[in-house]
Structures are given as structure tokens and as C-alpha cells.
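Please look over the sequence and the structure below before reading on.

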Amino acid sequence: MLDIFAGSNALKTLKSEGFHSHLFSAFLGASGGPKWFSLFGLDKYLFGEFFKDRQAPLSLIGSSAGAFRAACFAQADPVAAISRLAKYYSETVYSEKVTPSEITQKARILLDQVLGPTGIDEIINNSVFKAHFIVAKANGLVASERKALQLAGLLKSYAMNRLSRRLLTKQYERFVYHSASSNLQFHDESEFLTHYVNLTARNLADALLASGSIPLVMQGIKNIADSPPGMYRDGGIIDYHFDIKLENQIGLTLYPHFNSNPKAGWFDKNLKRKVNPRNYSNTILLVPSAQFIAKLPYGKIPDREDFTELDANTRIKYWRTVLSETDRLAEAFNQFLVKPDLSIIKPI
């Protein structure tokens with residue numbers, strides 16, 4: 001039902017101290033659009049029960065869909081917020097000939113629904129759950145909103161990334177919009193230029209929207225407040241599933257993820273390139289098992305292709321079924337916590 005993986009140091013810690021919420025000081029949320037629906041039940045359990053009444057700070061780090069989840073977890077009622085995200089995202093319907101403008105407009109509507117009237121203030125002022133939204137600043141052709149130029153820039157990115165991920169640093173910079181009280185720093189072997197910007201009422205909505213602004217699919221976000229002028233796009237371009245070391249973090253990192261083979265960046269999706277296991281030494285992955293996924297409708301987790309491959313009614317029914325089924329993952333995790341069996345944990 002639920003597979004658990006642990007990095008080398010994380011496994012040592014679990015063996016000596018058991019599996020407890022206070023062991024964790026960071027939480028990761030990956031890009032992947034509606035693939036996140038496969039984690040919905042876990043998300044509700046983790047922030048409704050596992051981390052409930054927590055007093056010690058927990059850094060919430062996300063790109064794209066992971067950033068939207070982090071924005072939910074940092075609100076006063078995280079379960080209600082993540083449930084709004086699941087409902088409104090899964091029920092979004094687009095025109096037959098949808099444009100980037102329409103998708104962006106509906107993403108802003110979704111954002112308003114998720115944040116509500118008080119969400120921005122709750123996120124900014126949360127001293128326990130500290131949000132970090134990862135955004136990619138695009139430079140050169142990938143900054144253009146003209147489709148042909150943007151596509152040319154993306155093809156260049158694809159080609160350069162096949163040679164070396166480090167070559168992408170010429171086209172993209174990492175921006176981390178974070179809680180003002182956070183001292184979290186990223187160590188990145190690819191050496192992307194990384195900037196840290198405090199979240200404010202002026203920039204939070206735009207930074208969050210930018211983190212999920214998929215190239216070609218959505219419009220980029222220009223000139224985010226408190227940031228250098230320019231075009232900002234999906235954080236998953238750089239940090240799709242993450243290949244970073246978190247500095248100034250004492251505890252472990254909890255990472256619910258929809259597969260057990262994380263990829264560093266968006267352009268690595270179809271490559272055999274693996275992440276550095278040392279960057280996962282302190283990480284614990286919670287992953288829906290292959291058996292669980294096989295029993296879902298169509299034998300897979302949701303993805304963006306469902307928007308085009310399925311009619312709206314069929315897609316929404318399918319996604320609702322997945323959202324409901326993921327409560328079984330929460331039950332499996334709860335059973336593990338009640339009666340821990342560390343022998344089932346697999347190495348990363």
C-alpha cells in the first residue's frame with residue numbers, strides 16, 4: 001500500500017529513536033501537477049494528525065504543485081486548505097481550444113479559492129510552518145512570451161541539459177520566496193544562482209502562481225514585487241523533484257512523493273540521470289506502492305495528459321476516485337506508526 005524509503009543517516013536515526021514527528025525539520029513537495037492527487041490522503045493525515053499541535057519550526061519547501069501544497073499547510077487550517085486545493089483543481093474545466101491566457105486566469109481563480117480572505121496573512125505570520133516557494137527566473141529566449149521564441153529557448157535548454165545540468169545556469173536562476181524568519185539555505189552542486197526573498201503581502205500570490213507557471217502551457221509572471229525585473233516561471237524547471245542539500249537544517253526531511261525515483265529538474269524527466277544519494281541522506285520518502293497504483297482507475301496516478309485524453313466528466317470522476325482512495329495510504333501510514341516495523345523501510 002505504502003512504501004517507505006530512507007537515506008543512510010535517516011535510517012540510522014529511525015533505528016535509534018523510532019519514527020516520530022519531532023525528528024523532522026523540513027518537508028518537501030515536488031512538482032508534477034495532478035500527480036499530487038495520489039498523496040492527498042497522506043497530506044491530510046500528516047498535517048491534521050502527525051504534525052498537529054507542533055511547536056518546533058518545520059520548513060515547507062515546494063515547487064509548482066508542491067508550492068501550492070506548502071501554501072495550504074502554512075494556513076491556520078491546513079486540512080481545509082488542502083481539501084480546497086484538491087476540490088477546485090480537480091474540478092477545473094478548460095475550453096476545447098484552451099490558451100495559456102485562459103489557464104493562467106483560471107490558476108489565479110484557483111489561487112484565490114485556496115488562499116481565501118486570510119490565507120496570505122496566515123502563511124506570512126506562521127512561525128511554525130514556514131513556507132518556501134521555489135521559482136525559476138527565466139533569462140534569454142525562455143523569457144519570451146512569443147511561442148516560437150520560447151520553444152526555441154526550451155529546445156536549447158533540453159539540449160544543454162543532456163550535456164550537463166550545470167549548463168542550464170546560463171538560462172535560469174533559482175528564487176526562493178520564504179518565510180521572513182527562515183534561515184534555510186540550498187546547496188546545489190549544479191551551482192544555480194540562488195536568491196532568497198522574504199514573502200510579503202505584495203509578492204506571495206505572484207510568487208506562488210509563478211512557481212506553477214509551466215512554460216508554453218501558462219503565461220509567465222513578470223516583475224514580482226521585491227524581486228529583480230524579469231520573467232518568472234515554474235520552479236520545477238530547476239527543482240522538479242529536488243537534488244539539493246538543505247543547509248541550517250538539524251532534523252530529517254519528510255518527503256511524500258508519487259514515485260521512488262526522483263529527478264532533479266524538469267529536463268531530466270526522460271533521462272537516466274540520478275540524483276545524488278548524499279543529498280537524500282537525511283530524507284524519508286513516503287511513496288504509494290505499485291500495488292496501490294495498479295488498483296486505481298486506468299492503473300495509474302493522475303497527470304496533466306488527462307485534461308486532453310479524457311472528457312471533463314470522465315476525468316473529474318476519475319480524479320475524485322483517486323482522491324478518495326488515497327485515504328487508504330493515510331491508514332497504512334497510521335498503522336505503521338502504531339506498530340512500527342523498520343524492516344520494511346527500503347534504502348534510498
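The model is predicted, so local features are taken only at pLDDT of at least 70 and side-chain atom pairs only at pLDDT 80 or more, while totals for chains, interfaces and linings use all residues. Residues are numbered from 1 along each chain as its sequence is written, and side-chain values use heavy atoms, with hydrogens and water left out.

Grid points are joined across faces, edges and corners, and a volume is the space filled by probe spheres set on the points. The largest pocket has a volume of about 790 Å³. Its lining consists of 33 residues, and Y94, I103, V217, R304 and F307 are the ones nearest the centre. By class, 20 lining residues of the largest pocket are nonpolar, seven are polar and six are charged. Here Ala, Val, Leu, Ile, Met, Phe, Trp, Tyr, Cys and Pro count as nonpolar, Asp, Glu, Lys and Arg as charged, and the others, Gly among them, as polar.

Several helices contribute to this lining. Helices (H or I, at least four residues) and strands (E, at least two) are DSSP runs, numbered from the N terminus. At least two lining residues of the largest pocket come from each of α3 (65-73), α4 (78-90), α5 (100-115), α10 (306-309) and α11 (312-325). The largest share, five residues, is that of α5.

The second largest pocket has a volume of about 260 Å³. It is lined by 16 residues, with I244, K245, L246, N279 and N282 nearest its centre. This lining divides into five nonpolar, eight polar and three charged residues.

The expected span of a helix is 1.5 Å times one less than its number of residues. For the 13 residues of α4 this gives 18 Å, and the end C-alpha atoms are 18 Å apart, which agrees. Which residues of α4 are buried? They are P78, A81, I82, L85, A86, Y89 and S90, where buried means under 20% relative accessible area, exposed means over 50% and partly exposed lies in between, with a 1.4 Å probe and protein chains only. Seen down the axis of α4, the buried residues fall within an arc of 145°, so they line one face of the helix; the arc is that of the directions from the helix axis to the C-beta atoms. An α-helix has 3.6 residues a turn, so residues three or four places apart point the same way. The cover over the buried residues of α4 includes α2 (40-50), α3, α5, α10 and α11, contact meaning heavy atoms within 4.5 Å.

In α2, nine of the 11 residues are buried, namely F40, G41, L42, D43, Y45, L46, F47, G48 and F50. In α8 (residues 204-211), six of the eight residues are buried, so this helix is largely enclosed by the rest of the structure. The buried residues of α8 are L204, A207, L208, L209, A210 and S211.

F51 is in the loop between α2 and β3 (58-63). F51 is buried, with a relative accessible area of 1%. Not counting residues up to four places away in sequence, F51 touches S21, F24, F27, L46, L58, F129 and L254. The C-alpha atoms of F51 and H20 are separated by 9.6 Å, although these residues are 31 residues apart along the chain.

D327 lies in helix α12 (residues 327-338) and is partly exposed, with a relative accessible area of 30%. Leaving aside neighbours within four places in sequence, D327 is in contact with G41 and K44. D327 and K44 are 283 residues apart in sequence, and their C-alpha atoms are 8.6 Å apart in space.

Most residues other than glycine have a negative phi. D226, in the loop between β8 (221-222) and β9 (231-234), has a positive phi near 70°. Y298, in the loop between α9 (290-294) and α10, also has a positive phi near 70°. D226 is partly exposed, at 41% relative accessible area, whereas Y298 is exposed, at 51%.

Conventions. On a 1 Å grid over the protein atoms alone, a cavity is a set of points where a 1.4 Å probe fits but cannot get out, and a pocket is an open set with protein on both sides within 12 Å along at least five of seven lines; lining residues have an atom within 4 Å of a point.
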